[in-house]
Amino acid sequence: QVQLVESGGGLVQAGDSLRLSCSTSGRSFSTFTVGWFRQAPGKEREKIAVSLWSGRTTYYASTVKGRFTISRDYTKDTVYLQMNSLKPEDTAVYYCAADIRRNGEFDSWGQGTQVTVSS
């Protein structure tokens, strides 16, 4: 099992930047894939970025590609989501999750952090 704790959410204006952090523990950081997801009110959860255990980024949703960047700090066991050029439609609760078995199924989740982008 992996424990994940997100932080860094908040209220920003359209066009601003924000960096989310996901601190992990409980398992060697270099052994599992990590993903960032988000869920807006009344909408389904959306997968927005994925980083393999090796650090290679394998996925960005089309809605965030070119604006968001996922990265990993192996010295801090932390995954980041740098979000630039934020839009009101980016407003959501953002979650990080771990795919421990590396089979595409994310089975450990953080509690989420709220990001609100005002126009």
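1. Let's start with burial. In this predicted model, 43% of the chain's 119 residues count as buried. Keep that figure in mind, as several of the residues below belong to the buried group.

2. Now the fold elements. Along the principal axes, the C-alpha trace spans about 40 × 30 × 25 Å.

3. The accessible surface is about 6000 Å², and carbon and sulfur atoms account for 45% of it. There are 14 positive and 11 negative side chains, with the centres of the two sets 4 Å apart.

4. You'll see it in strand 5, which covers residues 46–51. Why does Ser51 count as buried? Because its relative accessible area is 1%, and the cut-off for buried is under 20%. Leaving out residues up to four places away in sequence, Ser51 touches Thr33, Val34, Arg56, Thr57, Ile70 and Arg72.

5. On to the salt bridges. Side chains of opposite charge can pair when their charged atoms come close. The count here is five. One of them joins Asp90 and Arg38, at 2.9 Å from N to O. Asp90 sits in the loop between strand 8 (78–83) and strand 9 (92–99), while Arg38 is in strand 4 (residues 33–39), so the pair ties together parts that are 52 residues apart in sequence. Both Asp90 and Arg38 are buried.

6. Asp90 also meets Arg67 in a salt bridge, at 2.8 Å from N to O. This pair links distant parts too: Arg67 lies in the loop between strand 6 (57–60) and strand 7 (68–73), 23 residues from Asp90. Arg67 is buried at 12% relative accessible area, and Asp90 is buried at 1%. Which residues form the salt-bridge network that includes Asp90? They are Arg38, Glu46, Arg67 and Asp90.

7. Finally, have a look at Asp107 and Arg101, whose side chains meet in a salt bridge at 3.1 Å, N to O. Asp107 is partly exposed, with a relative accessible area of 31%, whereas Arg101 is exposed at 53%.

How values were computed. Residues numbered from 1 in each chain as written. Predicted model: local features only at pLDDT ≥ 70, side-chain atom pairs only at ≥ 80, totals over all residues. Heavy atoms only, no water. Buried < 20%, exposed > 50% of the residue type's maximum accessible area, 1.4 Å probe, protein only. Areas by Shrake-Rupley, 256 points an atom, 1.4 Å probe, with all protein chains shown as cover. Lys, Arg positive; Asp, Glu negative; His and termini not counted. Charge placed at Lys NZ, Arg CZ, Asp CG, Glu CD. Helix = DSSP H or I, 4+ residues; strand = E, 2+ residues; numbered from the N terminus. Contact = heavy atoms within 4.5 Å. Salt bridge = Lys/Arg side-chain N within 4 Å of Asp/Glu carboxyl O.
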